[in-house]
Structures are given as C-alpha cells and as structure tokens.
Amino acid sequence: MTAAHPLGRLETLALIGIGGFAGSNLRYFALGLLSDLQAVFLVNVLGCFVLGFLVYEAEYTDYIGRESRIVFTTGFLSSLTTYSTFAIQTATAAEPLVLIAVVAGNYGLGFASVLASRTLARRLRDRTPTVGGETA
C-alpha cells in the first residue's frame, strides 16, 4: 500500500505504535535492572547511536526502507530515549558533581555515539559494491 492511500497511513501509524510499545517497554526493563541514572544514561546514549546510524545510513546507502526508519525513529527510539527524565534528573541533582556527570554523560556521550554511528555507516557505504565496474 502506498502512503497516499488512507490505509497506508493507518498501517504506518500502527507500526509506529508497535515500535513505541517495544521501545517504552525496553526502557522500563532497563529501569528495573539499573539505577535510574544509569538506565536513563544507557537508553539515551544507545538511542543516540542507533538514531545517528539510521540517519547516516539513509544518507550513505539507503538500505533500510523509509517505513522501517520511521518505525524505528519515531516509534521505537522516541519511546526508548527519555530526555525528559534526563532533564528532571539534572534539575534535581543534589550535588554539583552529579549534575555535571549527568549533563556531560548524556550530551557528551550522546554526541560521541552519533559520531561513532556515522563512522559505522560510512564503513557500510565503503563496503558497498559500486554498480557498473570495469568493462573489457
């Protein structure tokens, strides 16, 4: 079905909902395994890495389809990551050192994760065989 058809849009919305359900449950699972600070840090950095990879993969190779990217980015990753909880943790940090660690960790390693995922997407692009090649 195409996106122009109303059922195509409904299918996309349902897939985003499924991705959101999976992402929010994975975040809840992480919160059950680790402390709140550790879990939020982990899901945010992991989310930055995966989002960066999906964006750069689309730019470099475009192997992953548009609909799949929408499900993963808008559905799964937006529910997995939790920058609102990060903001609350930052605002309620009792000690300055904790505040600096929370901010530097989430932003610094989140940004580093995007750069690392860009490198991975570039390597994927460089390993992709070119169409055509030499002629005899």
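In which kind of crossing, left-handed or right-handed, does helix 4 pass helix 5? Helix 4 passes helix 5 in a left-handed crossing, a term used when the near helix is turned anticlockwise from the far one by less than a right angle, with clockwise giving right-handed. Welcome to this predicted model, in which local features need pLDDT of at least 70 and side-chain atom pairs count only at pLDDT 80 or more, while totals for chains, interfaces and linings use all residues. Residues are numbered from 1 along each chain as its sequence is written, and side-chain values use heavy atoms, leaving out hydrogens and water. Helices here are DSSP runs (H or I, at least four residues), numbered from the N terminus.

**Helix 4 and its two sides**

- Helix 4 covers residues 83–91, and Phe86, Gln89 and Thr90 in it are buried (under 20% relative accessible area, with exposed meaning over 50% and partly exposed in between, for a 1.4 Å probe and protein chains only).
- These residues lie on the same side of helix 4 because they cover an arc of only 100° around the axis, judged by the directions from the helix axis to the C-beta atoms.
- Ser84, Ile88 and Ala91, on the other side of helix 4, are exposed.
- The cover over the buried residues of helix 4 includes helix 2 (36–60) and helix 5 (96–126).

**How helix 4 packs with helix 5**

- As background, two packed helices are described by the angle between their axes and the distance between the axes.
- Helix 4 and helix 5 pack at about 155°, and their axes are 9 Å apart; axes are lines fitted to C-alpha atoms, for helices over the stretch in contact, and angles run from 0 to 180 degrees between N-to-C directions.
- Tyr83, Phe86 and Thr90 of helix 4 make the contact with Leu99, Val102, Val103, Asn106 and Tyr107 of helix 5, where contact means heavy atoms within 4.5 Å.
- Helix 4 and helix 5 are therefore roughly antiparallel to each other (over 145 degrees; under 35 is roughly parallel, 65 to 115 roughly perpendicular and the rest oblique).

**How helix 4 packs with helix 2**

- The axes of helix 2 and helix 4 cross at roughly 135° and come within 10 Å.
- That angle makes helix 2 oblique to helix 4.
- Helix 2 and helix 4 also have a left-handed crossing.
- On the helix 2 side, Asp36, Leu37, Val40, Asn44 and Cys48 meet Tyr83, Thr85, Phe86 and Gln89 of helix 4.

**Helix 2 and helix 5 on their own**

- Helix 2 has 25 residues, which should span 36 Å at 1.5 Å a residue, and its end C-alpha atoms agree at 36 Å apart; the expected span is 1.5 Å times one less than the number of residues.
- Buried residues of helix 5 include Val102, Gly105, Asn106 and Gly110.
- Helix 2 and helix 4 are among the elements that cover the buried residues of helix 5.

**Two residues to look up**

- Asp62 sits in the loop between helix 2 and helix 3 (66–80).
- Although Asp62 is not a glycine, it has a positive phi of about 60°.
- Asp62 is partly exposed, at 45% relative accessible area.
- Ile16 belongs to helix 1 (residues 6–33) and counts as buried at 19% relative accessibility.
- Leaving aside neighbours within four places in sequence, Ile16 is in contact with Ile70, Val71, Thr74 and Gly75.
- Ile16 and Phe72 are 56 residues apart along the chain, and their C-alpha atoms are separated by 7.6 Å.
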